[in-house]
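Here is a briefing on one protein chain, grouped by topic. Please keep the model open while reading.

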Amino acid sequence: MNYTEDTIEEILQEVGKDKQDELSFLTAVTKLMGSIELYKGHTFSLVYECKTRQIALKICDLIKELFNIDVEINFSSSDSNLCSLIVEGKKANDMLHQMHLSHFENDKYIVDDNCSYIESMTNYAKVQSYMQGVFVSVGSVYFPGGIEQERGYHLELSFTEENYALCLKKKLEECNLNLSYIDRETTYALYTKSSEHVQDILAFLKAMKSVIKLSEVNVEREVNNKLNRTSNIMASNVDKTMSANIKYIELIEKVIAHFGYDKLDEKTAMVCRARLEDKQSSMSVLSKKLNITKSSLNRALKKIEKMAEEIEG
């Protein structure tokens with residue numbers, strides 16, 4: 001199972017219907033998936049490179065609804081899932097301006113990294129929608145046993161701009177969501193390997209099906225861990241039992257070979273015969289077979305052990 005793809009698909013279905021929430025989501029997606037292609041005379045196009053058709057269709061629907069703009073769609077010839085969206089000239093510029101992203105004002109190019117927009121967000125639902133757009137664009141999540149064969153839990157958001165990554169980290173902290181930060185020289189990531197924190201982030205993104213799946217994975221892992229611990233304990237006990245049995249079988253054989261059964265009292269002789277006939281059973285099982293207490297069985301074997309020491313000298 002590819003948890004990243006499933007989570008993105010779920011988020012796309014959960015994007016809020018309020019126009020401000022939709023704009024917040026689209027702003028994050030445009031910041032992280034969009035790029036500007038410049039032409040002569042300061043004309044340009046806004047281009048989205050989409051990794052799935054579902055993402056592309058969602059972006060198209062939002063641009064149409066929020067800005068009443070039709071979007072050109074170009075599908076990849078090498079991969080049917082990949083496609084690009086193109087918004088031309090002034091329409092693209094108006095969009096970027098409203099989303100507080102880099103745009104032209106007359107002949108001047110205004111660079112905006114979107115951080116002031118993020119810092120100004122105080123509405124919880126708006127932050128949620130923005131972070132949904134962030135995850136859809138640059139997020140990944142792995143659970144144990146998924147298609148990625150990860151052993152642990154891992155949720156990550158990866159960026160190319162350090163200041164932007166740190167700005168988002170601070171905004172998430174305001175929502176009581178703490179992600180670790182790492183500088184990878186060419187990329188900057190926010191991440192967590194905590195199952196609990198992954199669950200909190202997914203719930204914040206409204207990906208409740210993924211939260212439920214994570215809970216199921218947790219329960220399954222816990223059950224498997226308990227079974228493994230029980231199996232290890234049982235195997236250890238079997239090893240201990242076999243070691244003890246082998247020890248006393250060797251001692252009994254030595255004593256019988258040297259003294260014979262005639263030199264043994266009736267109970268000790270009975271224990272020796274039973275032990276040699278049944279070399280596998282534990283002391284508890286053997287004592288029940290002989291209808292004697294375990295302590296009586298131990299005393300008889302201790303006698304054998306002492307006699308063996310006398311033989312050795």
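In what order do the four strands of the open sheet with β7 stand? The order is β7-β8-β10-β9, and the pairing is antiparallel. Strands pair if DSSP finds at least two bridges between them. Helices (H or I, at least four residues) and strands (E, at least two) are DSSP runs, numbered from the N terminus.

This is a predicted model: local features need pLDDT of at least 70, side-chain atom pairs count only at pLDDT 80 or more, and totals for chains, interfaces and linings use all residues. Residues are numbered from 1 along each chain as its sequence is written, and side-chain values use heavy atoms, with hydrogens and water left out.

**Overall**

- The protein chain has twelve helices and ten strands.
- Of its 313 residues, 44% count as buried. Buried means under 20% relative accessible area, exposed over 50%, and partly exposed in between (1.4 Å probe, protein chains only).
- Take the contacts between residues at least 6 apart in sequence: 61% of them join residues at least 24 apart. Contact means heavy atoms within 4.5 Å.

**Sheet β7-β8-β10-β9**

- Four strands make up this open sheet. Its edge strands are β7 (139-142) and β9 (180-183), each of which pairs on one side only.
- Neighbouring strands here are turned by 20 degrees against each other on average, direction ignored. Axes are lines fitted to C-alpha atoms, for helices over the stretch in contact, and angles run from 0 to 180 degrees between N-to-C directions.
- Strands β8 (residues 154-159) and β10 (residues 188-192) pair in the antiparallel sense over five bridges. Leu 157 stands opposite Leu 190 in β10.
- Helix α6 (residues 124-138) packs on the sheet and touches β7 and β8. The direction of α6 makes about 90 degrees with that of β8.
- Helix α8 (residues 195-204) lies across β7, β8 and β10. It runs at about 60 degrees to β8.
- The buried residues of α8 are Ser 195, Val 198, Ile 201, Leu 202 and Phe 204. Just after α8, Lys 206 takes a positive phi of about 65 degrees.

**Sheet β1-β2-β4-β3**

- Another open sheet of four strands has the order β1-β2-β4-β3, with antiparallel pairing. Here β1 (34-38) and β3 (72-75) are the edge strands, each pairing on one side only.
- β3 pairs with β4 (residues 83-88) in the antiparallel sense over four bridges. Asn 74 stands opposite Ser 84 in β4.
- Helix α2 (residues 19-33) lies across β1 and β2 (44-50). It runs at about 95 degrees to β2.

**Aromatic rings and charges**

- The structure holds five aromatic pairs. Rings of Phe, Tyr and Trp (its six-membered ring) pair if their centres lie within 6.5 Å; planes under 30 degrees apart count as stacked, over 60 as edge-to-face and the rest as tilted.
- Phe 104 and Tyr 109 form a tilted pair, 4.9 Å centre to centre with 55 degrees between the planes. Phe 104 is buried at 11% relative accessible area, whereas Tyr 109 is partly exposed at 37%.
- Why is the pair of Tyr 124 and Phe 204 edge-to-face? The ring planes stand at 80 degrees, with centres 5.4 Å apart, so the pair is edge-to-face.
- That pair links distant parts of the chain: Tyr 124 in α6 and Phe 204 in α8 are 80 residues apart. Tyr 124 is partly exposed at 45% relative accessibility, but Phe 204 is buried at 4%.
- Phe 44, Phe 104 and Tyr 109 are linked by ring pairs into a cluster.
- Lys 31 lies over the face of Tyr 164, at 5.0 Å from the ring centre. The charged end of Arg 53 sits over the ring of Phe 75, 4.2 Å from its centre. The test is NZ of Lys or CZ of Arg within 6 Å of the ring centre and within 35 degrees of the ring normal.

**Nonpolar cores**

- The largest nonpolar core has 69 residues. Tyr 48, Ile 59, Tyr 130, Met 131 and Val 134 touch the most other members. A nonpolar core is a set of buried Ala, Val, Leu, Ile, Met, Phe, Trp, Tyr and Cys residues joined through side-chain atoms within 4.5 Å.
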